[in-house]
Each structure stands twice: as C-alpha cells, then as structure tokens.
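Take a walk through the model shown here. Follow the residues in the order they come up.

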Amino acid sequence: MKTPLIDRRDFLRAAGIGFAAAIAPPAWAATLAADAVFATAFVKRDGSFGAAVLSEAGKVLHAIDLPDRGHDVTFDPVSKRSVVFARQPGTFAVIFDHAGRDAPQTIASITGRHFFGHGVFSPDGALLYATENDFDNAAGVIGIYDARAKFSRIGEFPTYGMGPHELLLPGDGRTIAVANGGIETHPDYGRAELNIATMKPSYVLIDRVTGDLIEKHELPAALHQLSIRHMDTDPSGTVWFGCQYRGTGTDRPLLVGRAARGKELQLIDMPPDILSGFRNYIGSVAANPDAGTVAVSSPEGNSLVVIDAASGRVVSSSTLVEVCGLAPDGSGFMATTGAGEIIEGSGATRSEPDYVWDNHMLRIEQV
Amino acid sequence: MLKRSALVLVLPLALLGVFPASAAVKASDIIQRAIDGFVRPAYASLHQHAEILTKAMHKLCEAPSQGGLGAARAEFSATVDAWSSAEIIGFGPIKDNNRLERMLYWPDRKSLGLKQVQAALSAKDPTATDPAQLTGKSIAMQGLGALEFVLYGDGADTLTGKDDPYRCAYGAAVAGNIESMAKDVNEAWNKPDGFAAIWANPGPQNPLYRDGNEAVTELVGVFINELEMVRDVRLKGFLGGKPEADKPKQAIYWRSQNTTTSLAGNLAGIDALFQASKLGDALPSDARWMAESIHIQLVNGVATAKSVQGPIDKVLADPALREKLEHFTLITSSLSTLIGTRLTAEFGLTAGFSSLDGD
C-alpha cells in the first residue's frame with residue numbers, strides 16, 4: 001500500500017517523468033507486425049511500476065512507466081489506444097498507444113473519487129467508462145471520460161452498489177454490466193475492508209446512455225460475503241463472473257457463476273478438489289470465444305481452470321505458482337504469474353524474472 | 001499479482017556449527033510453536049481479561065461509585081491491551097460469525113456505532129442489556145468500541161451514581177458479549193480437532209493448507225499484514241502528513257486514551273509470535289541477523305508507542321510527541337521492508353507479498 005491519495009499536482013509532475021521515453025524503433029516494427037499483442041501491468045523487482053506490451057511469444061515489446069501500481073488495461077480498436085488504470089485506491093489512468101506512436105497521456109481522478117482498476121470504451125471509441133469510488137458516500141460510480149477531448153471527465157452515474165470492480169459492455173453495446181464487489185473501502189484507511197459483516201455484492205446492468213438501472217441481481221443472503229469481482233463474456237453473450245469470499249476460511253462456497261439477461265445469477269458447481277484449489281479467491285476471468293471456453297485463475301491457490309462455456313463443466317486444471325493474468329490465445333489461454341512466467345496457449349513458457357506480472361492481461365488484435 | 005510464492009515445504013535451516021547442512025526446520029513445527037507459544041496464550045489472556053472486565057462491570061452496576069468506574073475502566077484498558085496482541089491472528093475462529101467485526105467495529109468512519117449506542121442509551125432498549133440478545137443486534141453495538149463509549153463517552157459520569165442504571169446494564173451486557181466471544185475463540189483454538197489442527201497439519205487432504213508453504217505463508221502474512229495495518233490503517237488514519245491534516249477523533253480508542261496502548265500491543269503481539277514460532281531459526285546463518293534485527297525493531301516500536309501517553313489530541317499538538325509517532329511509522333516501515341522484502345526473499349517469497357494485495 002503506497003500513499004493512498006497523493007497530491008494531484010505532485011502526481012502529474014511525477015507522472016511526466018519517463019513517460020515521454022519513446023520505444024526503440026525495432027520494437028515498434030515488431031509490435032506492428034505482430035498478429036496480436038498482450039498488454040498487462042507489472043511491478044519490477046527493483047520496485048518500479050509499469051505496463052508492458054507482450055508479443056504472442058511472450059516477449060516484452062514495449063513498456064511504459066507508471067507512478068504506482070497499475071491494474072487492468074482496456075483497449076479502443078477505433079483509435080487503437082489503450083488505457084491502464086491505477087489499482088484501487090489509485091488516482092491515475094494512463095492512455096497509451098501500444099505501438100508507441102504517441103506519447104502516453106495521464107489523467108487523474110477527480111477530488112472525492114479514486115479508480116478501482118477497470119474500465120471500458122464505448123464501441124465507437126468516443127467515451128471511456130471507469131469504475132470509481134465515491135468514498136465519502138461509500139457509493140460506486142462510473143466515471144465518464146470524453147476520449148475525443150483529451151479524456152476530460154464529463155460525468156458519472158451510480159453503479160447501484162458499493163465497491164464496483166470490473167465492468168463490461170456485453171451484447172448490444174449500450175448496456176454496461178458492473179460487478180459491485182460489495183466491499184467498502186476509504187482511502188483514509190488504505191485498502192482495509194470496512195464492512196465485511198454487512199457487505200452486499202451485486203451484479204447490475206446499466207444503460208450507459210441514460211445511466212438508468214436495467215437489472216440488479218444479488219446472491220442469496222447466505223452468500224453475502226461472496227464478492228463478485230471479475231467478468232468476461234462468452235460467445236452466447238452470457239457473462240461469466242469470478243468471486244472472492246470474505247467469510248470463514250474453511251467455508252467452500254462456489255466461486256464461479258454466469259449471468260444471462262433477465263435471469264437469476266447461476267453459480268457453477270465444480271468438483272471439490274477444483275474448488276478447494278482456488279482457496280476462495282478468483283483473481284481473473286477470461287473467455288476464449290473461438291474455443292468456447294472460459295478460464296479462471298487463482299493466484300492464492302496457484303491454479304488455472306478452464307471451463308466449457310456451453311456445459312459449465314471443467315475441461316482442464318493446472319497448477320501455476322501465482323497465476324493471475326489471463327487472455328485467450330489460440331485454442332487456449334495465455335497466462336501470467338507473479339513469478340514472472342508467461343505461459344502461452346500452446347503451453348510454451350517464457351520467464352521474465354525481473355517482472356512481477358499484475359492481475360490482468362488484455363489481448364489486443366492488430367486489425 | 002504480488003502475493004504468495006512458493007516457500008519450500010521444509011525450510012532450510014542455517015548451518016549451525018557442527019549441524020549438517022541438510023538439517024531442516026519443518027513447517028508444521030513452526031506453526032505448532034506459533035499456536036502453543038502465542039495464539040493459545042494470547043486468546044486465553046483475552047478471555048481472562050474479558051471475564052475480569054465483566055465482573056468489574058457488574059460490580060459497578062450493583063454499587064455505582066467513582067472507584068468502581070475507575071476499576072471498570074482499568075479492566076477495559078487491560079482487555080484492550082490483551083485484544084491488541086491477540087487480534088493480529090485475524091483468521092481462524094475469530095472469523096466465524098463475524099466475531100472479528102463484532103469484537104471491534106473500527107474504523108467507524110460514519111459514527112454508525114456511536115449513533116446506535118446513543119440511540120440504545122436514549123431509548124433504554126431492554127433487549128440490549130441481555131448479552132444473548134445483543135449478539136443479534138448491529139455489530140457496532142457489541143464490542144470494545146461500544147463499551148468504550150459507555151465508559152468514557154458523553155454521560156459516562158452517570159456511572160458513578162444510581163440515576164442511570166440502564167447505561168451500566170448495557171455496558172455490562174457488552175462486556176458479557178466480549179467475554180463470551182473470547183471464550184468461544186479460546187475454546188476453538190484449544191480443540192484437538194479444531195482450527196489449530198488444520199493449520200499445524202498441512203497436507204493434500206487439508207481443507208485450507210495443502211502443504212507447508214501455505215501454512216507458513218499464513219504465518220508470515222500475519223507479520224506483513226499487521227505491520228501494514230498498524231501503520232497504514234490505524235496510525236495514518238489519524239496522523240496526517242502534516243499537523244494540519246491530523247484527525248485525532250479518528251484515532252482508535254481516543255476516548256479511553258488507549259490509542260498508543262493498542263499500537264504497542266499490536267507490535268508486542270507480532271514480536272511474541274515471531275519469537276514463539278522461531279521462524280528466524282529457518283534462516284540461513286548469513287541471514288540470521290534479520291531475526292535479531294526484527295526483534296530489536298519490534299521492541300523499539302513497542303517502547304516508542306508506550307512513551308507516547310495522554311489524550312491523542314494533546315499528543316498531536318505537542319511537536320515532540322508527534323515526532324515520536326512519526327518515528328513509530330518509520331519503525332513499522334523499516335520492519336515491513338525487513339520482513340516483507342528481505343525475510344521473504346530468503347524464503348523465496350515475492351517482494352510485494354501481502355494479503356491486502358488482492359483485487
């Protein structure tokens with residue numbers, strides 16, 4: 001835990017350092033020639049923070065500096081820009097061009113808000129939406145940024161819950177799905193979780209044009225300490241979500257579920273050995289539309305499990321120390337670990353021991 | 001993800017003189033020593049203090065007096081001290097039934113607990129004076145924060161007379177509830193097939209700890225997370241970057257002037273746990289200095305916190321005392337680096353290891 005909310009002017013000054021460093025031309029060429037690249041935040045062993053672009057072979061093509069720890073990356077195929085968000089309760093987001101054509105741009109959250117680490121662009125690339133904390137009111141909001149006007153913040157709407165984490169645009173491009181983790185935090189107390197006894201996570205659908213609530217789903221009362229955190233969409237439009245449990249350690253609640261519009265949330269039954277291998281913590285969820293599978297990772301339990309999206313059955317399970325980052329790769333998934341490993345979908349492994357890969361990874365198609 | 005990395009199942013033992021290089025410290029031994037040498041005594045002590053506190057409250061209610069109030073307050077402070085040591089073990093039985101939050105609802109940023117306690121006092125809600133019924137009420141009304149308000153908050157002076165028996169009865173019920181939770185947790189840790197057996201016997205069939213790495217990781221996590229909690233949540237919650245940013249009323253136990261007692265108790269608990277587990281014995285000889293250094297710094301931290309006495313707003317207004325709190329912050333930061341980076345590196349853990357790291 002670093003300084004919870006640093007002075008914005010100091011931050012923006014500090015953020016300028018190193019960001020202007022352009023990548024070497026050979027790396028550019030390699031980036032542009034690649035079929036797809038992967039983007040992820042990292043911490044280096046020397047303690048510095050950044051975001052990297054990896055080739056399909058897991059090679060670091062390009063990296064930018066970050067002033068503090070980042071979390072997830074989102075991408076706009078229209079402008080071909082990516083955004084890496086600060087990890088909660090961070091106050092910055094950095095917009096960067098993974099091919100290194102433009103210098104990165106840093107934006108800061110407004111007073112009274114901090115980022116939760118996830119965001120998404122509108123399909124036309126005009127707007128960027130980010131999950132944020134209205135911490136004095138303990139309320140989740142989605143901050144709206146105008147991507148065509150230097151990412152100025154033009155508004156916000158509620159997430160109808162507390163502690164929103166990942167958000168998605170499944171299906172029609174107008175409906176935003178938000179996982180409200182249900183956990184109250186306040187930057188005065190770092191990352192301490194303030195309402196474990198009374199937490200109430202939810203999954204909501206919001207109209208991104210009007211900000212209206214379309215649907216809100218909660219888990220049964222007995223599972224009120226099951227924090228819904230990460231999501232991805234399968235080819236049928238069903239949203240798969242992964243949870244983290246804050247109750248008694250020896251409890252073994254189901255941790256992976258799916259949400260279809262108009263239906264109640266459904267938790268997926270799993271064999272006991274698979275479930276206990278998660279140690280009540282799913283760190284990332286990724287769908288592979290081509291393969292019809294969904295992968296979930298647990299850095300706590302050192303496990304990566306692939307599920308058949310149609311049947312909900314476990315297809316495979318593997319042990320990988322501190323695995324968390326996941327992205328579709330061929331018929332499998334590329335995965336990254338806190339030990340610096342990058343495991344391709346084919347199984348080939350590359351090690352970058354200088355890097356501790358952060359929780360998430362994004363696949364960027366080079367269209 | 002910065003968390004857990006593999007701590008070898010059998011920790012390498014330092015080369016000690018004539019001992020062979022292959023000698024090893026078993027993870028289960030480290031955990032068993034932590035349980036027997038720290039966890040059980042810490043929760044037993046909490047239970048004992050909570051019992052005495054409940055008796056003191058009942059005595060006060062039967063015969064309200066200045067002396068009785070003083071005695072109850074002294075037992076409250078002793079219980080806070082015992083809890084501050086025990087609370088570093090924030091997993092296992094204390095997590096069942098929200099006991100952790102019921103024992104200490106803090107931080108109470110929106111004064112929820114205060115409002116509910118005041119409402120109960122003003123409405124003289126009879127169900128709040130029964131420890132059994134109190135357990136079903138808001139968590140903010142059940143624990144140390146609520147009792148602190150009863151004993152030290154506005155209107156506490158009425159406890160010396162017979163005009164407001166309700167306040168004392170409610171306080172006695174809170175003390176009884178604290179005692180009953182402490183008793184349950186103490187018993188749970190002492191059950192032969194309870195949580196202690198789960199933690200000390202890692203294995204493939206174990207529901208929580210499938211190998212020694214996971215069991216020892218839980219222990220090392222206590223040191224790292226609690227140091228972070230003491231510094232970033234408890235201390236920085238009221239100690240601002242500059243005096244203008246100080247928030248004395250956000251300090252834990254500010255009403256009873258137990259803020260620094262609690263900070264000292266947390267560090268004393270960490271030191272006692274570190275010593276009892278003998279985790280330092282698993283370090284190679286050229287890194288053995290770390291164990292000694294950790295102990296010295298923890299002792300230093302406890303002494304620094306204890307040297308800061310008095311109402312926390314006065315402490316913060318006194319540059320010399322405030323500086324001691326800043327020094328305490330530095331000690332905890334240095335300990336975080338020593339344990340979180342250097343010690344964990346010796347055991348092959350990643351640098352940013354912390355269970356508060358999850359997202």
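Glu226(B) is buried but forms no salt bridge; Arg234(B), the nearest side chain of opposite charge, is 6.5 Å away. Buried means under 20% relative accessible area, exposed means over 50%, and partly exposed lies in between, with a 1.4 Å probe and protein chains only. A salt bridge needs a side-chain nitrogen of Lys or Arg within 4 Å of a carboxyl oxygen of Asp or Glu. For charge, Lys and Arg count as positive and Asp and Glu as negative, while His and the chain ends are not counted.

This is a predicted model: local features need pLDDT of at least 70, side-chain atom pairs count only at pLDDT 80 or more, and totals for chains, interfaces and linings use all residues. Residues are numbered from 1 along each chain as its sequence is written, chains are lettered from A and ligands numbered from 1 in the order in which they are written, and side-chain values use heavy atoms, with hydrogens and water left out.

Glu226(B) sits in helix α9 (residues 212-235) of chain B. Helices (H or I, at least four residues) and strands (E, at least two) are DSSP runs, numbered from the N terminus. Leaving out residues up to four places away in sequence, Glu226(B) touches Ile88(B), Gly221(B) and Ile270(B). Contact means heavy atoms within 4.5 Å.

Glu101(B) also is buried without a salt bridge. Its nearest side chain of opposite charge is Lys95(B), 4.6 Å away. Glu101(B) belongs to helix α3 (residues 99-103) of chain B. Not counting residues up to four places away in sequence, Glu101(B) touches Ile139(B), and also Ile196(A) and Ala197(A).

Asp96(B) lies in the loop between α2 (66-86) and α3. Asp96(B) is partly exposed, at 25% relative accessibility. The loop between α3 and α4 (112-123) holds Pro107(B). A cis peptide bond joins Trp106(B) to Pro107(B), with omega about 0°. Ser111(B) is in the loop between α3 and α4 too. Its phi is near 55°, a positive value in a residue other than glycine. Ser111(B) is partly exposed, at 29% relative accessibility.

The peptide bond from Gln88(A) to Pro89(A) is cis, with omega near 0°. Pro89(A) is in the loop between β5 (81-86) and β6 (92-96). Tyr160(A) has a positive phi, near 60°. The loop between β11 (152-158) and β12 (164-168) contains Tyr160(A). Its relative accessible area is 26%, so Tyr160(A) is partly exposed.

Step back to chain B as a whole. Chain B has 13 helices and 2 strands. Its radius of gyration is 22 Å, close to the 21 Å that the globule rule gives for 359 residues, so chain B is as compact as a globular protein of that length. The radius is taken over C-alpha atoms, and the rule is 2.2 Å times the number of residues to the power 0.38. Buried residues make up 54% of the chain. Among contacts between residues at least 6 apart in sequence, 74% join residues at least 24 apart.
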